[in-house]
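Please look over the sequence and the structure first.

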Amino acid sequence: FKAISYPESGYRMDLLPGTKSHGRIFLQTSRRTKRLLHADPPLDSGGLHGCLPESPEDNRMTQVTIIGLGLIGSSIGMAIRSARNNVKVIGFDHNSAVQSRAKKIGAIDDDEWRLDKAVKDADLVVLAVPVMEIPVLMDNMVSWLKPGTTVTDTASTKSRVMEWATEKMPDSIGFVGGHPLAGGGLAGQESAHPDMFVDASYPLM
């Protein structure tokens, strides 16, 4: 794994390369360093392989909720569903047409029309929304998250997002900033596909 430091923000970012590697990924925030996952079998950043449970007995993750079902959000849902059978992917989007289409194209297993129901049983919540929607979502959903839930985002701006997470997320909720370096030149849900992240770096903070 390759680490990149950003002195201006005080954060360290670990890159998941497009090659397979064994080992633990340590993600460092300004508050604490925590182990997010143990990648065994090999982690393949192309499809988020190694991040999700291999069998029903592995209870590290059972429900993923994706908020924002555009290009990146739908592609993440497709990648997870193509890689694992025992993970339920729930989708939520403020645009009802986009949310309904996400289920039709196989990006999610089910959709929820209320944010509280979408996140209350989630083990991982992915915020695949424009950056300025993130603090509002954090405020709205934080009281509905169960202890031990991990929240991540896909925004390209990381310093502000990490500040919001430190301010708004309690210690019982883990937060990992993310920036998938994929989808360049593409736009919209209609361009989503499960191989979006193959050979792409996915910085985590």
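Which helix gives the most to the lining of the second largest pocket? Helix α1 (residues 71-83) does, with three residues; helices here are DSSP runs of H or I with at least four residues, strands are runs of E with at least two, and both are numbered from the N terminus. The model is predicted: local features need pLDDT of at least 70 and side-chain atom pairs pLDDT 80 or more, whereas totals for chains, interfaces and linings use all residues. Residues are numbered from 1 along each chain as its sequence is written, and side-chain values use heavy atoms, without hydrogens and water.

**Overall make-up**
- The chain contains five helices and ten strands.
- Of its 205 residues, 50% count as buried, that is, under 20% relative accessible area with a 1.4 Å probe, protein chains only.
- Among contacts (heavy atoms within 4.5 Å) between residues at least 6 apart in sequence, 62% join residues at least 24 apart.

**The second largest pocket**
- Its volume is about 260 Å³, taken as the space filled by probe spheres set on grid points joined across faces, edges and corners.
- A pocket is an open set of points on a 1 Å grid over the protein atoms alone, where a 1.4 Å probe fits, with protein on both sides within 12 Å along at least five of seven lines; lining residues have an atom within 4 Å of a point.
- Of the 16 lining residues, Gly68, Asp93, Ala128, Val129 and Pro130 are the closest to the pocket centre.
- The lining comprises nine nonpolar, five polar and two charged residues; Gly counts as polar, and Asp, Glu, Lys and Arg count as charged.

**Nonpolar cores**
- The largest nonpolar core has 25 residues, and Ile67, Val119, Val125, Leu127, Ile134, Met141 and Val151 have the most contacts inside it; such a core joins buried Ala, Val, Leu, Ile, Met, Phe, Trp, Tyr and Cys residues through side-chain atoms within 4.5 Å.
- Elements that each supply at least two residues of this core include β6 (88-92), β8 (124-127) and α5.
- A second, separate core of 24 residues includes Ile76, Ala102, Leu124 and Ala192.

- In α4, the buried residues are Ile134, Pro135, Leu137, Met138 and Met141.
- These residues fall within an arc of 160° seen down the axis of α4, so they line one face of the helix; the arc is that of the directions from the helix axis to the C-beta atoms.
- Among the elements that cover the buried residues of α4 are β5 (63-67), β9 (150-153) and β10 (174-176).
- Helix α5 (residues 159-168) has Val161, Met162, Trp164, Ala165 and Lys168 as its buried residues.
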